[in-house]
Amino acid sequence: MILAILKKRFLDLLPPPLPSDWEAEENLEQLTELPVRLQDLILQQVPAIWPVSNSLCYSYLACADTAISCLGEEQIVNWVAALLDLYEKEGLKAAQAFMADIENNYLCQLQGETGIRLDEVITRLRPYAEGIVRRSVTLEEGTRLYTDTARIFLPGKLTVLPSTTENFLLYKLMLTTQLALINSCTYEMVIGGDSSFAQVLQEKHGSGHSPEQIKIEDFWNIFPEPRLAEDLFTLAEGWRIGEQMAADFPGLWRDTVGLRRQLAEQRRPLSSLKGKSRVVEALSLYLMNGRTDQASGLSNQHFSWLTNQLSEPARTAKDSALKAAAIYALLNNIQQPYEPVEPLPYLGRLQPAAAHQVHLQERAETKEKFIKALAAILADSKPSTADMQSKDNEFGEPPARLNSDDATALLIAPGPKDQSEPPETANNLSEPSQLLIIDGPAIEIPEALKELAAEIKADLGLIPNEYISAAHGLAGKGEPPENIGSDREGKSLQGVITYDEWDYRRAGFRKDWCLLNEKMVRPVKGTFVQNTMDKYRGLLIKLKKQFEMLRCTERLVKRQRDGDDIDLDAVIESISDIRAGRSGSEQLFVRLKRDDRDIAVMFLIDMSSSTEGWVGEALKEALILMGEALEVLGDRYAISGFSGMRRSRSDFYHIKDFAENYNKEIKGRIAAITPQEYTRMGPPVRHATKILQEVDAKVRLLIILSDGKPEDYDDYKGEYAIEDTRHALIEAKTVGIHPFCITIDQQAHDYNAHMYGEVNYIFLDKVSDLPLRMPAIYRNLTT
Amino acid sequence: MPNTEQRLEEHLITDEPFYLPQGDEMGIAKAAYQHTIPLLLKGPTGCGKTRFIQHLAWHLKRPLITVSCHDDLSTGDLVGRFLIKGGEAVWVDGPLTMAVRRGAICYLDEVVEARKDTTVVIHPLADDRRELPIEKLGELLTAPPEFMLVISYNPGYQSVLKDLKPSTRQRFVSIELNYPNAALETDIVCHESGLDQETGAALVRLATMTRHLKNEGLPEGASTRLLIHAGKLFGSGMDRRRACRAAISETLTDEPELLAAITEMVNSIF
Ligand SMILES: Nc1ncnc2c1ncn2[C@@H]1O[C@H](COP(=O)(O)OP(=O)(O)OP(=O)(O)O)[C@@H](O)[C@H]1O
Ligand SMILES: [Mg+2]
């Protein structure tokens, strides 16, 4: 495209005031050589960037081509988003550096056939990661390698190394390094502001501000050249983590020796760097290939002093900070300013800000949980529950003779209650006290609350008074959800069934509280069913075989009155009995018996709008597969869905009755399942229980598929909803039905185990697994 | 009955079985024994239930009679039956009867595998009556105080068809065993397989990783027993990755993705 056209198209994208023609031309020139498709792609992003910053937009135009060839075209949108993010957080300089860094960030020097993509290996890496860290982390494709401790971002594809095996190993090395970073608590580093180390640093480099507690970023910022401090600290941590990995994962460490050496060889030659940068690069190489004879520009003696420093034993991130400071002091004598070098390709740059965000979020979640748990205890411990019955009970007033300070004192063992107390010295407080004393009798603190308290203390050093008073506030409001009471419409409806609802606060039922309608699902025509059958052809064959084997649990039943063969044991026994003067048994035959499975199962599907997206495909596919498999097996089954809004309208959708045959109509109904409204779990579970009770089978199974979040439009949420759901499931169990819940969500909720009962549920974080897993779960459940 | 006497001798454990306690399980078991209350052991496979009972039997100096339950196990298999010997019908005690008569410890392993109609014979024996009716002999045995009934089961299996009836459960004092903590498990693995501490610890790290895979479709990770197997293969000089694959990965799952993930764990560690 010639420059003039390009310019016009560019200017058309911009809001006024427009840049001058020559300015536009100058910046667009570098695009003229590109294929039109790429030009389009690059220009498409302009409207997002220009209004944020014109300069940023020009830098973008300069780098976009490289970015695309590195990342692939699909990734460009993500890359721009990351870029804008960075600009907003850290400014133009950082964003420009990020762009310039692209080749390092993405390791895309080599493009070849030997590459490997994240989505090819993620099914292997995910369970691997889950095995290594206790906390749940998700693996995501990202524009640069890092972890915020909740997620790990990995490049979408790796092509740096000459073979697929090595590229895979690099993925594994990257992932394991990030996991080790989480396990080594790098981001949790704090240095007390009054520690002698911090003071010495302040005096030496002091850039003025001195926070009470020095976190990673504060530490870097003490130095006149924060980026140098950052890179030195990261190298020191890289060494510490490397040692850790060499100890914990010696196999991986050994497997990747050659790979790390190769990566070192691919870096910019040392001779092209000067001053501090050259030394830092030499240290990076030392970490990668273990060689102390790098052409660092320093005398051998000096450089080996540095490598010795770097390889001092280190237990914590703080030790790394000390090392970084020592090395910084030496490099400080070199005049030229530091130009950042590439990070270690498997470690990347640390992202303390992102990790901090995650930390804050988790702190907020813990706070909320703690307040709720404590409030529950406080509410329970009130002298009588009579006030629960009256709705216009006074709100928010703490129980007599307990003010929040007392409660704090009771929750934490005696000791200084100073906010600024650093966590190290709070260790003696970390043993949570066992009892909470309110108005006389001591109440034992439940395990869960103790754990929360310990967690908070580990984080903050104490339990803030604010937490306690918030719990009091919450405990005071022991009144039922407001909206529920005010809504009376719809009672006169015909054919409507009423169900009670469990109110945990008064430990009793609200009589005839919910109204439930049965509805039919109108089947849809389409290719969905056929597509599913095609997609899972292989699996289906396997499933059918597996389920057939279940059906044929033929076994010899012994001691029958008549049968296919003589039961030798029984005969011998009988003869013996007769000889012994007793009457011998007449049950002397074995019979081949096909075990009558006599199982009836109902699949109850959450069709609330919160399941939007996953109800769509995987769930329906799973139901189709189940249908096919169950036809082979011969177990009786029904499929129903539920949704609704408010207690006045719980909809219960018939998809397949026990009596109906699995046919085209049914398949059409499965295909027609779509997300509806809210999730009031109680009524449909109770209704399903009722239906199942009327089925005559030895084993009755209720399999519920949901996202594990019962919630209605009104106040049916949170604890109320959880407790009602739990109760409905208990009711089912009481009448001999086995409920089993398959919960699908990104993250497991802590309350799931409580709501469903420990062994009665399974959690899936990948919907796409459902078609595979559901038949397996069913098989497990019924053999 | 000299015959029984002799057979029972074989069940007496004379050498102290190696057992490292996880917690206060010994204390609970001894107290239950003193008060003639039967014992229910819960825990995942290979976590040391059988070994614990062996140790208990040794400590109490009682013979230990173990019955592995399966769904063909009949009442006669437990209580006893007439056999013909030299043209004469001779009554032969089943393991349960033998244990009751001689005041031994009777251990019903994996009791949920037995059919429910079989499990009910232990009901009168497991409550304070402590009686075992032998219908064919018209006899009613009362267990001496030395007799102890122990059953075990693994609550991890999710099958709805296999669960203990409350009326069965509620006759027992329960002890929950789990995989021992890392240090303890390392000691156990090293002792049993003859490995050095470092390698033992590495095996335990591997096991811990596989035990985190519940949400990925592996309900039970590698047990202590598997680690010991792997350790023994190490000891005979087999390549470690190969040994782990044989003793651990392939034993745990057939699922290709999980197998791949576990293989990666193995390769990281060994
Ligand atoms: N606490 C322990 N002390 C010593 N050895 C132990 C201990 N726990 C486990 N072991 C070792 O683990 C092996 C497996 O334990 P054991 O056979 O007792 O398991 P189990 O719980 O009975 O398993 P299953 O339910 O499969 O029968 C034992 O042979 C023993 O070597
Ligand atoms: Mg055993």
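**Salt bridges and a sheet**

Reader: Let's start with B:Glu264 and A:Lys172: buried or exposed?
Author: Quick caveat: this is a predicted model, where local features need pLDDT of at least 70, side-chain atom pairs count only at pLDDT 80 or more, and totals for chains, interfaces and linings use all residues. Side-chain values use heavy atoms, leaving out hydrogens and water; residues are numbered from 1 along each chain as its sequence is written, and chains are lettered from A and ligands numbered from 1 in the order in which they are written. The scale is buried under 20% relative accessible area, exposed over 50%, partly exposed in between (1.4 Å probe, protein chains only). On that scale, B:Glu264 and A:Lys172 are both buried.

Reader: How far apart are the closest N and O atoms of that pair?
Author: The two form a salt bridge, meaning a side-chain nitrogen of Lys or Arg within 4 Å of a carboxyl oxygen of Asp or Glu. The pair crosses between chains, with B:Glu264 in helix H13 of chain B and A:Lys172 in helix H9 of chain A. Their closest N and O atoms are apart by 2.7 Å.

Reader: How many residues apart in sequence are the parts that A:Lys276 and A:Glu225 tie together?
Author: Their side chains meet in a salt bridge at 2.6 Å, N to O, and both residues are buried. A:Lys276 belongs to helix H15 of chain A, while A:Glu225 is in the loop between helix H11 and helix H12 of chain A, so the sequence separation of the parts they tie together is 51 residues.

Reader: Which strand holds A:Asp651, the partner of A:Lys519?
Author: These side chains meet in a salt bridge, 3.3 Å from N to O. A:Lys519 is partly exposed at 31% relative accessible area, whereas A:Asp651 is buried at 1%. They are 132 residues apart, with A:Lys519 in strand E11 of chain A and A:Asp651 in strand E17.

Reader: Which strands stand at the edges of the eight-stranded sheet in chain A?
Author: Strands are DSSP runs (E, at least two residues; helices are H or I, at least four), numbered from the N terminus, and two strands pair if DSSP finds at least two bridges between them. The open sheet has mixed pairing and the order E10-E11-E17-E16-E15-E18-E19-E20. The edge strands have a single partner each, so one side is left without a neighbour in the sheet: these are E10 and E20.

Reader: How many bridges join E18 to E19 in chain A?
Author: The two strands run parallel. Along them, A:Arg700 stands opposite A:Ile737 in E19. The number of bridges joining E18 to E19 is seven.
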